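Visitor: Could you walk me through this one, and tell me what stands behind each term you use?
Guide: Gladly; here it is.
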Protein chains: 2
Amino acid sequence: MTQNLPARLDGSVRVVGAGLLGASIGLGLKRLGVDVILADASRAGLNLAIDYGAGRLAAEGDDPALIIVAVPPDATASVVAAELAAYPNATVTDVASVKVAPLAELEELGADLSRYVGSHPLAGRERGGAISARADLFVGRPWVVCPRPEVGRERVVLIEHLVLDLDATPVTLDVDAHDAAVALVSHAPQVVSSLMAKRLGAAPAGALGLAGQGVRDVTRIASSDPELWVQILAANSPAVVEILRAFRDDLDDVLRALGDVEASGARRVIAQELAAGNAGVAGLPGKHGQDRRYSSVVVMVDDTPGELGRLFSELGEIGVNIEDLRLEHSPEAQIGLAEIAVLPEAKARTMDDLSARGWRIAG
Amino acid sequence: MTQNLPARLDGSVRVVGAGLLGASIGLGLKRLGVDVILADASRAGLNLAIDYGAGRLAAEGDDPALIIVAVPPDATASVVAAELAAYPNATVTDVASVKVAPLAELEELGADLSRYVGSHPLAGRERGGAISARADLFVGRPWVVCPRPEVGRERVVLIEHLVLDLDATPVTLDVDAHDAAVALVSHAPQVVSSLMAKRLGAAPAGALGLAGQGVRDVTRIASSDPELWVQILAANSPAVVEILRAFRDDLDDVLRALGDVEASGARRVIAQELAAGNAGVAGLPGKHGQDRRYSSVVVMVDDTPGELGRLFSELGEIGVNIEDLRLEHSPEAQIGLAEIAVLPEAKARTMDDLSARGWRIAG
């Protein structure tokens, strides 16, 4: 267990920005015994994160060796510059989703770039804010670190220790490679998802009642914060435009083919695009859409008062720990499905014990 | 318990097409004691489904009252016509994802349409074939039934019994409304997902290692079978084209704005498209924390055994109906958050009563 390991980071760490990422970093480092100093332009947001256990208020004489700037992309460069100036010995990193634009802005600002190492944890949630923070937000996730020749190796190592302490995986990329990569695996998909979701707003009556998991998955990230995403997309626009233009050209090919499906070759065009999609998604590493840390047990629950309560009481009696839970409930249906995430070693026993108590297991 | 209810369907049911849907229907009906006759053009596929327990071989003298055609869209009309001709008393339905084109083809074929009721279960899995079949594939899912004036009510009721027996929810739509709805919630998202996934095939080295849940969700259905989807898209091309053209126009707006993000109004255009995506995805029913029909109450739950059970028992005592539920649980945190969706009019009372019982309300 990570909790019992000594932190690789010594001394105190200052986190500027107490939103989802900043508060999650604070929670994760405090778990390791690190002294975490929190700062945020919003006093209310700061107090919430401190109440949540993500760190303490700054105090006279604080001398953090490491500063993590976790503010929105548009504010990143100016806050990094201010922290570099205020703490002349500290190594400063940021966690913004774009890396080229903040670096260029820092150069314009004349900041001491020998102490700045940009980074980017590929982790997040649909909902932001400290209230959504989790110490394990970064577990098993890639965390890009962008070293540059003018930065001493020991400062880069410090950021890598931060990444490792939070159980994330350091990935070294230069800022251009980073921005091209996230344009493809994050920024362009965000636009595509949002534009598809926008179409749902024009749904004929009853159509959305037919929505299944497919359209829900395609449009899930369309619930992301527009204010944040305008900043991200604007800061990485050349790379995003390149991908979306190629996407648009393919879409035009499909539209032409669908416009006259009896034309020679029309079906072949559509099939080739779909097959290329097969190949593209097959290239994604790992298992799709599954959290490999947990196994899930799906239980059918009658839609009568108290049934969920009984299920949870009995899970308590069985003594199994519920790691996560998701309830599927179709308004007209007489039953719902409770998907319970448990540790893999507890799955068989959970299923057996629930079955023995008369619960119907759906998967 | 569904298993103990008598089947509403009497006599034997013939299922033509022993793939995922046909075999799942067979499994579901056999569980209810229905005599299921299976047929498939592929003898190997048929044997697999029979071995799997989805039904039996056809025999001399079979006289099914109900026939379900579960073959690919392009083959649907000709198989339905053949079944109508071979069994002159039977009611025939199909489960194809498109409903206008097969009906038009049946009219051309001169089939006895007074005994045909098209239908479409909104259920599926990424992997097809009898080996992926599940008796509970349709549980809680909408199943569209398309009655027409020339079909006797008793035949429509027969299809609705089929739907209810499989624990699905019958939804009545005419064929045009059905095809417009699935173009929006299924067919257009399939194209968008596939074309985004195609871009991943051109990923620079290392980029796919940064993929998170967002791009995985957006591209998950891109792993669908191209052969099947060419048939679906071609059969519903006018409705799909209408949606994809509107999508393309929005995409062009975003591309223009991203092409010059410093231009006056450029950021506003992008923000408006993203906000429209927020609104679109919020309209999807039954989604966690985003369903406008429900209000959410977030309760802090100590991470000790039995606490969740106590919460649910007390919700039962209060008498509030839980419409949806989501559990947030950070392994290191001493508390979890239970987000409970209730009817808006029940929110204030739920919060008051839970507070009075000592629960901490987080939002």
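Visitor: What makes the area between domain 1 of chain A and domain 2 of chain A a buried area?
Guide: Buried area is the accessible area (1.4 Å probe) that two parts lose on being put together, summed over both. For these two domains that comes to about 950 Å², 61% of it on carbon and sulfur atoms. Helix H3 (73-86) and helix H4 (100-109) of chain A each supply at least two residues of the domain 1 side. This is a predicted model: local features need pLDDT of at least 70 and side-chain atom pairs 80 or more, while totals for chains, interfaces and linings use all residues. Residues are numbered from 1 along each chain as its sequence is written, chains are lettered from A in the order written, and side-chain values use heavy atoms, without hydrogens and water.

Visitor: How many salt bridges does the rule find across that interface?
Guide: The rule asks for a side-chain nitrogen of Lys or Arg within 4 Å of a carboxyl oxygen of Asp or Glu, and it finds 0 there.

Visitor: Why is helix H8 of chain B called mostly covered?
Guide: Buried means under 20% relative accessible area (1.4 Å probe, protein chains only), and 7 of the 10 residues of H8(B), residues 226-235, are buried, so the helix is mostly covered. Among them are B:Trp229 and B:Leu233.

Visitor: What caps the N-terminal end of H8(B)?
Guide: B:Asp225 does, with a side-chain oxygen 3.2 Å from the backbone nitrogen of B:Glu227.

Technical notes: Buried < 20%, exposed > 50% of the residue type's maximum accessible area, 1.4 Å probe, protein only. Helix = DSSP H or I, 4+ residues; strand = E, 2+ residues; numbered from the N terminus. Polar contact = N/O pair within 3.5 Å; in protein donor to acceptor, adjacent residues only side chain to side chain.
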